[in-house]
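Here is a walk through one protein model, written for someone who likes to click along in a viewer. Have the structure open and follow the headings in order.

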Amino acid sequence: MSGRRVRVIEAGRIPYHQALAWQRGLAQARIDGRLEEDLLLLLEHPPVVTLGRPARGAHVLRPEGVDVVEVERGGDVTFHGPGQLVGYPILDLRGPPYRQDLHWYLRTLEEALITALAEVGIPAERRAGYTGVWTGGGGGGGGGRKIASIGVHVKQWVTWHGFALNVTTDLSHFDRIVPCGIEGVEMTSVERETKAPGAEDVWAHALDAVVRGFEDAFGVKATASREDVTEMRRAGQWPTSATFFRDAFP
């Protein structure tokens with residue numbers, strides 16, 4: 001493990017548009033040198049459908065009742081909602097132990113999730129030709145089940161967007177879309193695969209495992225930081241880039 005540290009911020013449930021503005025602001029600050037450390041934002045979203053740059057509108061089957069947002073990440077269409085652990089790494093890939101290599105970054109995100117899922121008792125794997133993580137035999141219509149999706153954006157080798165791991169997600173929401181543009185794919189969750197009772201326990205175990213998987217895969221040390229957003233949450237003021245820098249980086 002290198003001496004590089006990543007500050008983990010558990011931010012709770014944040015509307016998608018606010019989280020998007022937040023991470024864009026943080027990424028730009030990292031590019032500009034105003035933010036001197038890497039971050040991993042861990043949070044949930046209210047129900048929303050997002051489309052990456054190559055996404056096809058026809059892959060949104062039932063948009064009624066949810067926002068549909070076009071964003072700059074790679075990947076096709078996906079659903080975010082309660083019970084899904086979303087991770088937004090704000091990393092500067094220009095220094096070790098990272099590499100200035102997008103494929104390396106995607107494969108390392110997959111490895112972090114595969115390691116985390118092993119810790120909670122779920123054997124997981126990649127599927128050739130696709131980005132993301134599957135369990136149960138290799139993915140797609142051939143019998144595997146997709147448990148995590150990945151879509152990223154990189155500017156001047158600083159990352160944002162990231163991954164979405166279904167933990168206790170209501171999987172019926174994926175009927176609204178063709179998940180990741182893969183016809184016939186079956187989505188699954190940690191809760192479904194482990195048949196573990198107690199949503200809070202499943203969530204806490206998965207979150208801790210993801211942090212440890214991230215440390216192992218990227219060769220970094222995670223430092224927890226829950227207190228940075230506590231007061232903003234109490235006030236109902238989710239962080240924009242400006243309020244975050246004033247309160248968290250005085």
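## Ground rules

This is a predicted model, so local features are used only at pLDDT of at least 70 and side-chain atom pairs only at pLDDT 80 or more, while totals for chains, interfaces and linings use all residues. Residues are numbered from 1 along each chain as its sequence is written, and side-chain values use heavy atoms, with hydrogens and water left out.

Element names come from DSSP runs numbered from the N terminus: helices are H or I runs of at least four residues, strands are E runs of at least two.

## The largest pocket

Start with the largest pocket, which holds about 510 Å³ of space. It is lined by 31 residues, and Arg73, Gly74, Gly75, Ile150 and Gly151 are the closest to its centre. The elements giving two or more residues to the lining are β5 (77-80), β6 (84-90), α2 (102-119), β9 (145-155) and β10 (158-166). The largest share is from β9, with 7 residues. By type, the lining divides into 15 nonpolar, 12 polar and 4 charged residues. Here Ala, Val, Leu, Ile, Met, Phe, Trp, Tyr, Cys and Pro count as nonpolar, Asp, Glu, Lys and Arg as charged, and the others, Gly among them, as polar.

As for the terms, a pocket is an open set of points on a 1 Å grid over the protein atoms alone, where a 1.4 Å probe fits and protein lies on both sides within 12 Å along at least five of seven lines; lining residues have an atom within 4 Å of a point. Points are joined across faces, edges and corners, and the volume is the space filled by probe spheres set on them.

How many residues does the largest nonpolar core have? The count is 39, and Leu117, Leu165, Val190 and Phe218 have the most contacts inside this core. At least two residues each come from β1, β2, α2, β9, β10 and α4 (199-218), and α4 supplies the largest share, 9 residues. A second, separate core has 24 residues, including Trp22, Leu26, Leu41 and Ala164. A core here is a set of buried Ala, Val, Leu, Ile, Met, Phe, Trp, Tyr and Cys residues joined through side-chain atoms within 4.5 Å. Buried means under 20% relative accessible area, exposed over 50%, and partly exposed in between (1.4 Å probe, protein chains only).

Setting aside residues up to four places away in sequence, Leu165 touches Gly83, Gln84, Leu85, Leu117, Ile147, Ala148, Val190 and Val210; contact means heavy atoms within 4.5 Å. Ala116 is worth a click too: this residue of helix α2 is buried at 4% relative accessibility. Beyond its neighbours within four places, Ala116 is in contact with Ala209, Val210 and Gly213. The C-alpha atoms of Ala116 and Leu207 are separated by 8.6 Å, although the two are 91 residues apart along the chain.

## Salt bridges

The count comes to 15 salt bridges, each a side-chain nitrogen of Lys or Arg within 4 Å of a carboxyl oxygen of Asp or Glu. Asp38 and Arg4 form one of them, at 2.8 Å from N to O. That pair links distant parts of the chain, with Asp38 in strand β2 (residues 38-44) and Arg4 in the segment before β1 (5-13), 34 residues apart. Asp38 is buried at 1%, and Arg4 also counts as buried, at 18%.

Arg7 and Glu37 also meet at 2.8 Å, N to O. Arg7 is in strand β1 and Glu37 in the loop between α1 (16-32) and β2, so this pair ties together parts 30 residues apart in sequence. Arg7 is buried at 12%, whereas Glu37 is partly exposed at 26%. Arg192 and Glu186 pair at 2.4 Å, N to O, with Arg192 partly exposed at 36% and Glu186 partly exposed at 33%. There is also a network linking Arg107, Glu110, Glu111 and Arg126.

Most residues other than glycine have a negative phi, and most peptide bonds are trans. With that in mind, look at the cis bond from Pro96 to Pro97, with omega near 15 degrees. Pro97 lies in the loop between β6 and α2.

Where does His161 sit? Its place is in strand β10, and His161 has a positive phi of about 60 degrees although it is not a glycine. His161 is buried, at 1% relative accessibility. Cys180, not a glycine either, has a positive phi of about 60 degrees and lies in the loop between β10 and β11 (186-187).
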